[in-house]
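Please look through the sequence and the structure shown below before reading the notes that follow them.

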Amino acid sequence: TRIEPDFKQSGTMSLNIIGRKFARGSEEINGPYYFDSDTGKIDLRVEHRLVRLQFVSNELNGNYEMGRVLITAEYGDERP
C-alpha cells in the first residue's frame with residue numbers, strides 16, 4: 001500500500017512494480033511511479049503474491065545512492 005524511497009538523488013527516478021498474482025502466473029508490470037528527492041512516500045494499491053521492485057533512472061547528469069527502502073504491505077482481498 002505504500003513505499004518510502006530512501007535515495008540520495010539528483011533528478012527524477014521511476015519505480016515499476018513487477019509481480020505475479022499466482023506463483024506460476026504471468027508477470028504484470030505496474031507503474032511507473034515517479035518520485036524525486038522531496039518525495040516522502042508513494043501510495044499505491046497493487047496486489048501480488050510475488051513482487052519485485054525496479055528502480056529506473058534515465059536522467060541526464062542524474063545520480064542516486066540507495067539507502068533502505070521501506071514497504072508497507074497488507075493482506076489483500078482479491079480472489080480469482
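**Briefing on the predicted model**

The side chains of E27 and R52 form a salt bridge, with 2.9 Å from N to O, where a salt bridge is a side-chain nitrogen of Lys or Arg within 4 Å of a carboxyl oxygen of Asp or Glu. This pair links distant parts of the chain, since E27 is in strand β4 and R52 is in strand β6 (residues 50-56), 25 residues apart. The model is predicted, so local features need pLDDT of at least 70 and side-chain atom pairs count only at pLDDT 80 or more, while totals for chains, interfaces and linings use all residues. Residues are numbered from 1 along each chain as its sequence is written, and side-chain values use heavy atoms, with hydrogens and water left out.

**Salt bridges**

- The structure holds 5 salt bridges, and one of them joins the side chains of R2 and D43 at 3.0 Å, N to O.
- R2 lies in strand β1 and D43 in strand β5, so this pair ties together parts that are 41 residues apart in sequence.
- E27 is partly exposed, with a relative accessible area of 42%, and R52 is also partly exposed, at 44%; buried means under 20% relative accessible area, exposed means over 50%, and partly exposed lies in between (1.4 Å probe, protein chains only).
- R45 forms a salt bridge with E47, the closest N and O atoms being 3.1 Å apart; R45 is exposed at 52%, whereas E47 counts as buried at 18%.
- Salt bridges that share partners also join R2, K41 and D43 into one network.

**Strands and their pairing**

- Strands are DSSP runs (E, at least two residues), numbered from the N terminus, and two strands pair if DSSP finds at least two bridges between them.
- An open sheet of 3 strands has the order β5-β1-β8, with antiparallel pairing.
- In this sheet β5 (42-43) and β8 (70-72) stand at the edges with a single partner strand each, so one side of each is left without a neighbour in the sheet.
- Strand β1 (residues 2-4) is joined to β8 by 3 bridges, and the bridge partner of E4 in β8 is L70.
- Strand β3 and strand β4 (residues 27-35) run antiparallel and are joined by 7 bridges, with I17 opposite N30 in β4, and a hairpin of 6 residues connects β3 to β4.
- Strand β2 (residues 7-10) pairs with strand β7 (residues 63-66) in the antiparallel sense over 4 bridges, and S10 stands opposite N63 in β7.

**Core and covered residues**

- The largest nonpolar core has 9 residues, namely I3, F7, M13, L15, I17, F35, I42, L44 and V69; such a core is a set of buried Ala, Val, Leu, Ile, Met, Phe, Trp, Tyr and Cys residues joined through side-chain atoms within 4.5 Å.
- Strand β3 (residues 13-20) gives the largest share of this core, 3 residues.
- Leaving aside residues up to four places away in sequence, M13 touches residues including F7, Y33, F35 and Y64, where contact means heavy atoms within 4.5 Å.
- S14, found in strand β3, is buried, with a relative accessible area of 9%.

**Exposed residues**

- N63 is exposed, with a relative accessible area of 52%, and apart from its neighbours within four places in sequence, N63 is in contact with K8, Q9 and S10.
- I71, placed in strand β8, is exposed, with a relative accessible area of 52%.
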